[in-house]
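The topics are taken in turn below.

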Amino acid sequence: ALLGLFISPLDTMGRAIMKALPDLIFLLVLSTIVVYILRTARVFFAGLEAGTITITSFERAWAGPTYRIVRFLVIAFAVIVGYPYVPGSGSEAFKGVSIFLGVVFSLGSTSFISNIIAGYTMIFRRAFQVGDRISVDQFVGYVAEMGVSVTRLRTPKNEMVVLPNSLVLSNSVVNYSALARQQGLILHTTVGIGYETPWRQVEAMLLQAAARCTGLLQDPPPFVLQTALADFAVTYELNVYCDAPEKIPQLYNDLHRNVLDVFNEYGVQIMTPAYESDPQAPKVVPKENWYVAPAEPAQ
């Protein structure tokens with residue numbers, strides 16, 4: 001009787017395996033077919049990404065994400081086809097465990113799924129690509145990685161910011177690099193100059209300051225706009241073109257330096273940010289004081 005207690009379970013399992021053998025063979029054949037389909041798809045999309053295979057209106061950057069979508073669909077279809085052949089799939093216990101796991105996954109992965117959907121949406125919308133300088137919400141930086149669920153930005157201060165793709169998709173994205181290399185990115189800065197200074201002189205000085213900056217484009221040429229006739233000063237906006245978004249902080253720094261130098265050279269006072277009355281002496285720095293200690297002339 002004791003021996004029968006041990007032999008009976010083995011006999012039951014052996015009979016169950018023999019009974020399920022046709023289903024197991026079907027699952028094995030199905031898995032083999034799926035593996036070869038995925039390998040063929042991977043080779044095909046690798047060719048698209050490398051440029052050896054071309055499809056009209058299909059971007060090379062779409063190859064990787066499209067392959068992952070195709071892989072998911074193929075595996076999902078294989079699971080649907082093979083599910084009835086899984087031994088024990090018709091039992092109440094198997095169904096209960098499947099429902100429980102499905103509910104847990106659906107409740108715990110809501111944000112994860114939304115981030116994945118947002119990630120694929122951004123990739124196919126071509127909002128930006130790796131290396132672009134972008135602004136999202138209050139974050140400005142260079143795209144270091146476009147993941148399925150998150151996007152990583154490297155800020156000008158060399159900080160790594162991880163943004164959920166759902167956050168990126170729900171906010172306005174400013175891409176500074178999209179048109180910079182083909183048409184040039186416009187940088188602009190404003191100054192307020194008193195009404196007693198001829199506007200032609202101011203525009204000429206601003207253009208002269210722009211011409212002294214290295215790294216700016218001269219074609220298209222810089223231009224000046226008078227944006228406001230304020231209470232105490234005229235607001236001038238200097239616009240310049242550049243094709244290197246990664247140098248924006250340095251270009252603004254050089255531009256502001258040259259504006260200060262040119263206005264000091266011609267003795268024209270900058271009235272911003274506020275102006276109440278004329279001082280006894282113009283608020284300009286004479287040239288002989290440009291390099292007062294500890295400043296040193298540039299070599």
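In this predicted model, Thr-189 has a relative accessible area of 14%, which is under the 20% limit, so the residue counts as buried. Thr-189 lies in strand β6, which covers residues 185–193. The side chain of Thr-189 makes a polar contact of 2.9 Å with the side chain of His-256.

**Surroundings of Thr-189**

- Leaving aside residues up to four places away in sequence, Thr-189 touches Tyr-236, Glu-237, Leu-238, Leu-255 and His-256.

**Salt bridges**

- The count of salt bridges comes to two.
- One of them joins Glu-145 and Arg-152, with 3.3 Å between the closest N and O atoms.
- Glu-145 has a relative accessibility of 36%, between the limits of 20% and 50%, and is therefore partly exposed.
- Arg-152, with a relative accessible area of 29%, is also classed as partly exposed.
- Another salt bridge is formed by the side chains of Glu-265 and Arg-212, at 2.9 Å from N to O.
- This pair links distant parts of the chain, 53 residues apart.
- Glu-265 belongs to helix α8 (residues 248–265), while Arg-212 sits in the loop between α7 (199–211) and β7 (223–229).
- Glu-265 is partly exposed, at 35% relative accessible area.
- Arg-212 is partly exposed as well, at 34% relative accessibility.

**Packing of α1 and α2**

- Helix α1 spans residues 2–50 and helix α2 spans residues 63–82.
- The two helices pack at an angle of about 170°, and their axes are 10 Å apart.
- Because angles over 145 degrees count as roughly antiparallel, α1 is roughly antiparallel to α2.
- On the α1 side, the contact is made by Phe-26, Leu-27, Leu-30, Val-34, Ile-37, Leu-38, Ala-41, Arg-42, Phe-45, Leu-48 and Glu-49.
- On the α2 side, the contact is made by Ala-63, Thr-66, Tyr-67, Val-70, Arg-71, Val-74, Ile-75, Ala-78, Val-81 and Gly-82.
- Of the residues in this contact of α1 with α2, 16 are nonpolar, two are polar and three are charged.

Notes. Residues are numbered from 1 along each chain as its sequence is written. This is a predicted model: local features need pLDDT of at least 70, side-chain atom pairs count only at pLDDT 80 or more; totals for chains, interfaces and linings use all residues. Side-chain values use heavy atoms; hydrogens and water are left out. Axes are lines fitted to C-alpha atoms, for helices over the stretch in contact, and angles run from 0 to 180 degrees between N-to-C directions. Helices (H or I, at least four residues) and strands (E, at least two) are DSSP runs, numbered from the N terminus. Angles under 35 degrees count as roughly parallel, over 145 as roughly antiparallel, 65 to 115 as roughly perpendicular and the rest as oblique. Contact means heavy atoms within 4.5 Å. Ala, Val, Leu, Ile, Met, Phe, Trp, Tyr, Cys and Pro count as nonpolar, Asp, Glu, Lys and Arg as charged, and the others, Gly among them, as polar. Buried means under 20% relative accessible area, exposed over 50%, partly exposed in between (1.4 Å probe, protein chains only). A polar contact is a pair of N or O atoms within 3.5 Å; within protein, one must be able to donate a hydrogen and the other to accept it, and residues adjacent in sequence count only if both atoms are side-chain atoms. A salt bridge is a side-chain nitrogen of Lys or Arg within 4 Å of a carboxyl oxygen of Asp or Glu.
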